[in-house]
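Biologist: I would like a close look at a single part of this structure, with its surroundings described step by step. Please take your time over the answer.

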Protein chains: 2
Amino acid sequence: MTLSQNHPMIDGRTQDSALIQALTGKKPSHHPVWFMRQAGRSLPEYLKLREGVSMLDSCLDPAMASEITLQPVRRHKVDAGIFFSDIVIPLRLAGIGVDIVPGVGPVLDTPIRTAEQVAALPELTDEALEPIREAVRLTVAELGSTPLIGFAGAPFTVAAYMVEGKPSRDHLGPRTMMHTDPEVWDGLMSWAANASGKFLRAQVEAGASASQLFDSWAGSLSLPDYQKFVAPYSVKSLDDVRDLGVPLIHFGTGTGELLTAMRDAGVDTVGVDYRIPLETAIERLGQDVSVQGNIDPALLAAPWEVLEAHVREVVAAGKNARGHVVNLGHGVPPTTDPTVLTRVVELIHSL
Amino acid sequence: MTLSQNHPMIDGRTQDSALIQALTGKKPSHHPVWFMRQAGRSLPEYLKLREGVSMLDSCLDPAMASEITLQPVRRHKVDAGIFFSDIVIPLRLAGIGVDIVPGVGPVLDTPIRTAEQVAALPELTDEALEPIREAVRLTVAELGSTPLIGFAGAPFTVAAYMVEGKPSRDHLGPRTMMHTDPEVWDGLMSWAANASGKFLRAQVEAGASASQLFDSWAGSLSLPDYQKFVAPYSVKSLDDVRDLGVPLIHFGTGTGELLTAMRDAGVDTVGVDYRIPLETAIERLGQDVSVQGNIDPALLAAPWEVLEAHVREVVAAGKNARGHVVNLGHGVPPTTDPTVLTRVVELIHSL
């Protein structure tokens, strides 16, 4: 039985939407589309709103986070909002010193590397999540029948930042720790799984109609390491919202080798990176899950005829899946011309 | 027929070495091992020698490049030297403004993005390669029966730096260009293929006993893009040394999906990233090529018993291949304790 057969908490507001239908393997009235990182980055109205406000402060200002979430829905007429936030917000709300340094990424005051540090990690409380719930409430009140997708970083991606203290290319620190100190690793990943799970739950309880778990760095792992040291904790995060019944999406980049393991975390839809032809991904994943993806973000800067041909190919390939939510195979590049995204949505809706 | 059946140019000095035997599918007397990036980075004697000398200047000083190449062979008793150089050295020798910025990587004075810029790229002359040949001659004179491996960046990896002008995570610039301006892309990749091919050839003619083509960024590509826009140019680089008859190695990271395509460039040995279990790689690659790899660099920082168990597993898995050169699945991390590498070599030689 797939999870899609029972979604008690999806309210009437969004259950007939193309997004929810496609995520759960039903037949939507049109091809639903949204873009990872559609909120922020490439939009001039976003850059204007964010002037003088730090990234994490903007995430924690409910009115601002809501407005940023709504901007691309108004502009592009996409089929879903993606909640504007950051995967390190649960850390900040738990009281861990972390900031987003422009041009660098998340930087922690102190990397978390010892058993003592892990044991001392502060718990993320329900009260601390109130700005998130408030932003979601403001957003869904405006969205009407358009669903809002909540999200969280998967425990491995969050833990990778915690151990390195900053972005890294090879994630050597966390990858060493999982083999060297399995107990410390278990403690850290359990903390991260709980924080991400609570973050997902707060969003759904406040009105999000779907949840996406992002594992940005899972592609740095071998399948055996992923299965042993990572997947069980991703399952724990997802378990924290499973009873709420919204469709669950699982995405990572460079994860061709991990696709079926990510499916087996128990999700309705697997996000497919641009590196894997969508037909290949569908063959691997089978017909018990829907797929999401996988327009190559590099082609957003190509001439329209090149991009159009590619989008048509992706949509055609998706017809072999149980359900298909059109998306990019990675986030919107910051340099993207927003008018191109709008035109892509129009094309997809016309097909 | 595989290339390994005919290597007219391997001189008597190294043809019976364990490395050459394993690369070409014969039976070596012991398990050969070397480490990608063994020269430089982690060695105190290297850091001392490099004091006050820029990276590219050290590569172009024949005595220094030779000494740096020899240091890890003396210290670790590895079965091969890897020539100390950089994949952007051919650009510098052709007269393109490029430098290695510490903490950043290769940075070009001017990114190469237009048809005019590509048409104006200066040719790499044989004369300009003389410091490379001299460094190789000095090195092989010291190495005795230990083979020297020459290397070059694969055209895609070189072109990615040329288009972006600096390191990037997603390589959007080159990936857009291949679809948007296929003719400009062809011109750029043909230039890079020629430069890398000449760089490989200079090393072999001066005494290198094998050649490795490194495609660091190939893992950012889908298989169709790799096959159409990248592989033909890698073949061209390899073609430039094929008649010299030395064994050819092809390596990239994140390339699980590309392994057979990389084999099909016509090489004796495929390097396997740490992300793919070696037994999986051998199954995919078959028995017409040898494999090289794939100790996880993250485990070099683990307690010895964890690392030892992993090394034993890798060596055991390699027995199912036509031939196996033990190596890391990615370069030596700069923070590696050199005594650990020496101990790994001792272990492998004892098995």
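Biologist: In strand 7 of chain A, which residue is the bridge partner of A:His250?

Modeller: The model is a predicted one, and within it the bridge partner of A:His250 in strand 7 of chain A is A:Val270. That pairing belongs to the contact between strand 6 (residues 248-252) and strand 7 (residues 269-272) of chain A, which run parallel and are joined by two bridges. Both strands are part of an open sheet of seven strands in chain A, arranged in the order 1-4-5-6-7-8-9 with parallel pairing. The edges of this sheet are strand 1 (81-82) and strand 9 (324-328) of chain A, each of which pairs on one side only.

Ring pairs join A:Phe151, A:Phe199, A:Phe214 and A:Phe251 into a cluster, and a search of the whole structure finds twelve aromatic pairs over all chains. For A:Phe151 and A:Phe214, the ring centres are 5.6 Å apart and the planes stand at 85 degrees, so this pair is edge-to-face, an angle over 60 degrees being what that term requires. A:Phe151 sits in strand 4 (residues 148-153) of chain A and A:Phe214 in strand 5 (residues 210-215) of chain A, so the pair ties together parts that are 63 residues apart in sequence. Both A:Phe151 and A:Phe214 are buried.

Strand 4 (residues 148-153) of chain B runs parallel to strand 5 of chain B and is joined to it by five bridges; in strand 5 of chain B, B:Ala210 is the bridge partner of B:Ile149. Five bridges also join strand 5 of chain B to strand 6 (residues 248-252) of chain B, again with the two running parallel, and here B:Ser211 stands opposite B:Leu248 in strand 6 of chain B. Together with helix 11 (residues 223-242) of chain B, strands 5 and 6 of chain B make a right-handed β-α-β unit.

The relation between the two chains comes next. Two copies of a chain are related by a rotation about an axis and a shift along it. Here a rotation of 180 degrees, with 0.0 Å of shift along its axis, superposes chain A on chain B with an RMSD of 0.0 Å. The two copies are thus related as by a two-fold rotation axis. The same surface serves both copies, since 100% of the contact residues of chain A recur in chain B.

Some backbone details also deserve a careful look. Most residues other than glycine have a negative phi, and most peptide bonds are trans. In chain A, however, the peptide bond from A:Gly293 to A:Asn294 is cis, with omega near -20 degrees, and A:Asn294 has its place in strand 8 (residues 290-295) of chain A. In chain B, a cis peptide bond joins B:Gly293 and B:Asn294, with omega about -20 degrees, and B:Asn294 is found in strand 8 (residues 290-295) of chain B. As for phi, A:Arg41 is not a glycine and yet has a positive value of about 55 degrees; this residue lies in the loop between helix 1 (18-23) and helix 2 (44-50) of chain A and is partly exposed, with a relative accessible area of 30%. B:Arg37, likewise a residue other than glycine, has a positive phi near 65 degrees; B:Arg37 lies in the loop between helix 1 (18-23) and helix 2 (44-50) of chain B, where it is partly exposed at a relative accessible area of 47%.

Finally, on the cysteines, the structure holds zero disulfides over all chains, while A:Cys59 is buried with a relative accessible area of 0% and B:Cys59 is buried, also with a relative accessible area of 0%.

Notes:
Residues are numbered from 1 along each chain as its sequence is written. Chains are lettered from A and ligands numbered from 1 in the order in which they are written. This is a predicted model: local features need pLDDT of at least 70, side-chain atom pairs count only at pLDDT 80 or more; totals for chains, interfaces and linings use all residues. Side-chain values use heavy atoms; hydrogens and water are left out. Rings of Phe, Tyr and Trp (its six-membered ring) pair if their centres lie within 6.5 Å; planes under 30 degrees apart count as stacked, over 60 as edge-to-face and the rest as tilted. Helices (H or I, at least four residues) and strands (E, at least two) are DSSP runs, numbered from the N terminus. Buried means under 20% relative accessible area, exposed over 50%, partly exposed in between (1.4 Å probe, protein chains only). Two strands pair if DSSP finds at least two bridges between them. A crossover is right-handed if, with the strands pointing away from the viewer, the path from the first strand over the helix to the second runs clockwise. A disulfide is a pair of cysteine sulfur atoms within 2.5 Å. Copies are superposed by least squares on the C-alpha atoms of residues with pLDDT of at least 70 in both. Contact means heavy atoms within 4.5 Å.
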